Amino acid sequence: MVVTVSAGPQDRSTVRRDELACLARLVEEASRHRDAAVELTGDPGAGKTRLLTLLARQAHEQGVLVLRGLSVEAEQPAAFRPFIEALGSLRSPDGAVLPQAAGLVHVLAAPPADPDSEAEGSGGLTRQCQYFAEIRRLITACVAEAPHGLLLLLDDFHWADSCSVRLVEMLVRWPVGGGLAIVVAHRPRQAPVALRVAFQHGVELGSVEQIALPALTQCQSAELLGVRADTPGLEQLHVESAGNPLYLAELAATGVLGANGTVPGHDAGAAPAGRAELSTRLLAESALLSRSEHLAAHAAAVLGGTFDVDSVAAVALTGRDEACRMLSSLCGRDLVRTDPGAGGLTFRHPLVRRFLYARSDSCWRTGAHRRALHHLRALGAAPEELAPHIMSLGNQGEATDAADLFAAVRAALALGNTEQAASWLSGALGLLRAHGHTAGAPDGPGGDHPHGHELWLQVVRTLAAHGEAERARALSREILATLTAAPAADGARTAGDLAVVQGALGHADEGQVLIAAAVDGLCGDDPAQLVSLRCQSQLVRMLAGPLPNRADIDALTRFTSYADPVTAAGIRALQALSAVFAGDLGTAEDRLDAAAELFDALDPDEPAARSTAAYLTVLICAESAMGWYGPAQAHGSRALAEARLRGEVHLLPILLSVLAYTAHQAGRTAEGLDHAQQAVRVARAGRRHDLVAFSEAVSAAAWTSLGRAAPDGLREPSAVNGLPRATAAVMLLAEVELAAGHGQAVLSLLLPEGAHRIPQPTAVYAARVYELLAAGAAMTGGDAEPWARRAEEAASAVNLVEQQGHALLARGHALRARCLPDEATRLYEQAYNLLGETAVGLRAGELARAGARGRVGRDAEVLDELTLREREVADLAGSGLKTREIAGRLLVSPRTVDAHLTRIYSKLGVNTRAALVRLLADVG
């Protein structure tokens, strides 16, 4: 997911227009000399200060006098600080200091000794009342100097001193009149109780309006970042930011999305807010933390997203009471909050945790993670809770920690968190290498060790299924590096299986590298493993796209006596496939039968049968090329079930695409379309663009067979690697163009000249290619005869039923081009009878029906040449009446009826009453 942030108009506007409009009404009230007060609340980074700035700009443009005051956090805040700051800037139009303002600042700067204390009794209370009455009088005088009203903006008021809070309370309860508008912005979680009570009282009195800034909507987040609302990755970015503008800008600037993944963002300078702004704010928030509070915050950051008092105490090496006190202080500062869902404590946002974690000492963090690991392990925490601490220890962890990482890998896979599983597996392998151990080797041929072959393979396969080719490649090499000290047979088996995954990703060269290294390691000592690797080497090439060299595959025959049952079956399937596309169909049939027999004899519960899906894929490719759609579908269904059962998700793109083609060719169009659509999804996820193009071609052909246009249009399969799938894809698209009546497009797709064309049709497909060329030539008025002859020669050479059907169709196209529609229709009918309800058989049937309709159309035109009396006689004769009966109906003589019938037979080209009846029945 990628979100590219562009610099937008955020410096001039805000996405919180509704809230700004509410605040703007204050300006109008002030300009009409009416008092108003607003409590503006929101979490840190919600945009309170930005709203105040925009409001001040609008007010200034309307002539309203604007004063701003800011409260700051301090151990002993100065009395009336925000008011003194705001009123100290009050000047007359000529820039002179107003006496009223100077007097007010003087009074505010000298408050009573202890205005919050009642120790002085009634005398002290009286002096306080007099003091605040004087302040109110002076504020009224200042407001009178603002002819268009005065707007007082007080920001960060949660840090205000008690004197300022009391003054706001007085102004809210007893407005001064004359047009004083007050906006007090604060964080509700940190605001003093007295301030919240004062505003709530003001709401009840009707003198205060409350505006709480909610989380941004996704559309607002998009506008803030300057991107479209449907930009990939924006939704996740919005969720991770919790709709907070500051966090959203930070995540977009850094690309960090926590454990769920990353979304690379634009350069930080282009974002509406960047890393510097958040860091500065968090630094200010944490600057006044005590040493013990810093320790608690850093310990909590080490523990992760959710933590409790006991865990913080264990990591910080302090007592529980002390930890509780420190965490309470952090909660008061809103750095830490309670987590109702998890039943513990959590940081205000993961970015806050990240900041505090980075601020801690790196050496201290290592020890803290080790303490956290021991504490959580003693509590019986789940492996996925232990894994982050083990990973943080790096190679300083213990070899036994790898077992917890392996268990965490399984848990992550179960939750579908592939990236996390890969990271933890990489960490476990690194730990084992650092301590001189090998990864858990498979216990016996099944590899059922909980930390062994099957676990690593599952992670790599899942990465492959998600298109993470580079990550899968790097992890594969890590796995093999960890196995250097293991028995060579273990390393060879793992290398072979990992190479097959690389082949399924379309990276044949990488697969060959893995297998070559494993072959060198065996040194010829294990012939069974060697033949398995050699067979897998050819399998890798086939899965990646191009057909392997037939000579290399035939050379495997010498080693079949050493092969396990699955490898022996795989060798036969590979030999069959290479023979099919070499045009050696006699050998292909023999090898297909042998392979099918071997596969059918396998026990699916036997460990050796766990790799059958990949070799079955080879078998169904060969069977479908031969037109053996029934066996191909049966073996394909078995392969698909086994691949899903064994977690071989990397095979799904090619399996589903071949099954889609097979089902479509067999005439099971709906099933083929379903498989094709699934294949497009998984191939796109795995970034197999060649299989995406092939599956889209099948999908387009299936939609055409259903009488509908493909929803997403057609694609020329320029991305398809390998002759077999390229040929099939081009033929499918040519059939789509043929159904649409685009004869020239058919010729353009299939003729030799031009990019991505078929230079020399493979023998098993040649008759089909030439039939399509004949159809295209006939449709465009060209000479279809040469293509028909080639189709007949190609069909005779391979002697396959489907290809014979294509030869019949090609000859029919040539006859139709020579204006012999009846003869062409008879050949189409023969083709349909030969091929049945297959895809090409259905096409032949449609051509036959179209020919019959054309003949009926011609007869209907001839009927129009009959006179009214002749048509009347013909209709009565067609209904089965005899000559004498017709004469009685028409009140004419039988001789006259016979004369009419003679002329009718001549005009219609028939010579018997029965032929006339059939013709009239066809015409309807």
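## Basis of the description

This is a predicted model, in which local features need pLDDT of at least 70 and side-chain atom pairs count only at pLDDT 80 or more, whereas totals for chains, interfaces and linings use all residues. Residues are numbered from 1 along each chain as its sequence is written, and side-chain values use heavy atoms, with hydrogens and water left out.

Strand 4 spans residues 180–186, and seven of its seven residues are buried, so the strand is largely enclosed by the rest of the structure. Buried here means under 20% relative accessible area, with exposed meaning over 50% and partly exposed in between (1.4 Å probe, protein chains only); helices (H or I, at least four residues) and strands (E, at least two) are DSSP runs numbered from the N terminus. In a regular strand the side chains alternate between the two faces of the sheet. In strand 4, Leu180, Ile182, Val184 and His186 point one way while Ala181, Val183 and Ala185 point the other way, and all are buried.

Strand 4 pairs in the parallel sense with strand 1 (residues 36–41) over six bridges, where two strands count as paired if DSSP finds at least two bridges between them. Within this pairing, threonine 41 has histidine 186 of strand 4 as its bridge partner. Strand 3 (residues 150–155) also runs parallel to strand 4, joined to it by five bridges. Strand 3, helix 6 (residues 162–173) and strand 4 together make a right-handed β-α-β unit; a crossover is right-handed if, with the strands pointing away from the viewer, the path from the first strand over the helix to the second runs clockwise.

## The sheet of strands 6, 8 and 7

Three strands form an open antiparallel sheet in the order 6-8-7. Its edge strands are strand 6 and strand 7 (336–339), each of which pairs on one side only. Strand 6 and strand 8 are joined in the antiparallel sense by two bridges, and threonine 306 stands opposite threonine 346 in strand 8.

## Aromatic pairs and charges over a ring

The structure holds seven aromatic pairs, a pair being rings of Phe, Tyr and Trp (its six-membered ring) with centres within 6.5 Å, and planes under 30 degrees apart counting as stacked, over 60 as edge-to-face and the rest as tilted. The rings of phenylalanine 307 and phenylalanine 347 have centres 5.4 Å apart and planes at 55°, so this pair is tilted. The pair links distant parts of the chain, since phenylalanine 307 belongs to strand 6 (residues 306–307) and phenylalanine 347 to strand 8 (residues 344–347), 40 residues apart. Phenylalanine 307 and phenylalanine 347 are buried.

Tyrosine 770 and tryptophan 787 form a stacked pair, 6.0 Å centre to centre with 20° between the planes. Tyrosine 770 lies in helix 35 (residues 763–779) and tryptophan 787 in helix 36 (residues 785–798), so the pair ties together parts that are 17 residues apart in sequence; both residues are buried. Elsewhere, Phe80, Tyr131 and Phe132 form one aromatic cluster.

Tyrosine 357 has arginine 353 over its face, at 5.7 Å from the ring centre, and the charged end of arginine 365 also sits over the ring of tyrosine 357, 4.8 Å from its centre. A charge counts as over a ring if NZ of Lys or CZ of Arg is within 6 Å of the ring centre and within 35 degrees of the ring normal.

## Nonpolar cores

The largest nonpolar core has 148 residues, and those with the most contacts inside it are Phe406, Leu475, Phe599 and Leu750; such a core is a set of buried Ala, Val, Leu, Ile, Met, Phe, Trp, Tyr and Cys residues joined through side-chain atoms within 4.5 Å. Helix 35 gives the largest share of this core, twelve residues. Apart from it lies another core, of 43 residues, including Leu289, Ala323, Val336 and Ala368.

## Two buried positions

Serine 360 is found in the loop between helix 15 (350–359) and helix 16 (362–378), and is buried with a relative accessible area of 5%. Not counting residues up to four places away in sequence, serine 360 touches His298 and Arg365, contact meaning heavy atoms within 4.5 Å.

Alanine 814 lies in helix 37 (residues 801–817) and is buried, with a relative accessible area of 2%. Alanine 814 and alanine 784 are 30 residues apart in sequence and 4.9 Å apart in space, C-alpha to C-alpha. Leaving aside neighbours within four places in sequence, alanine 814 is in contact with Ala784, Glu785 and Ala788.
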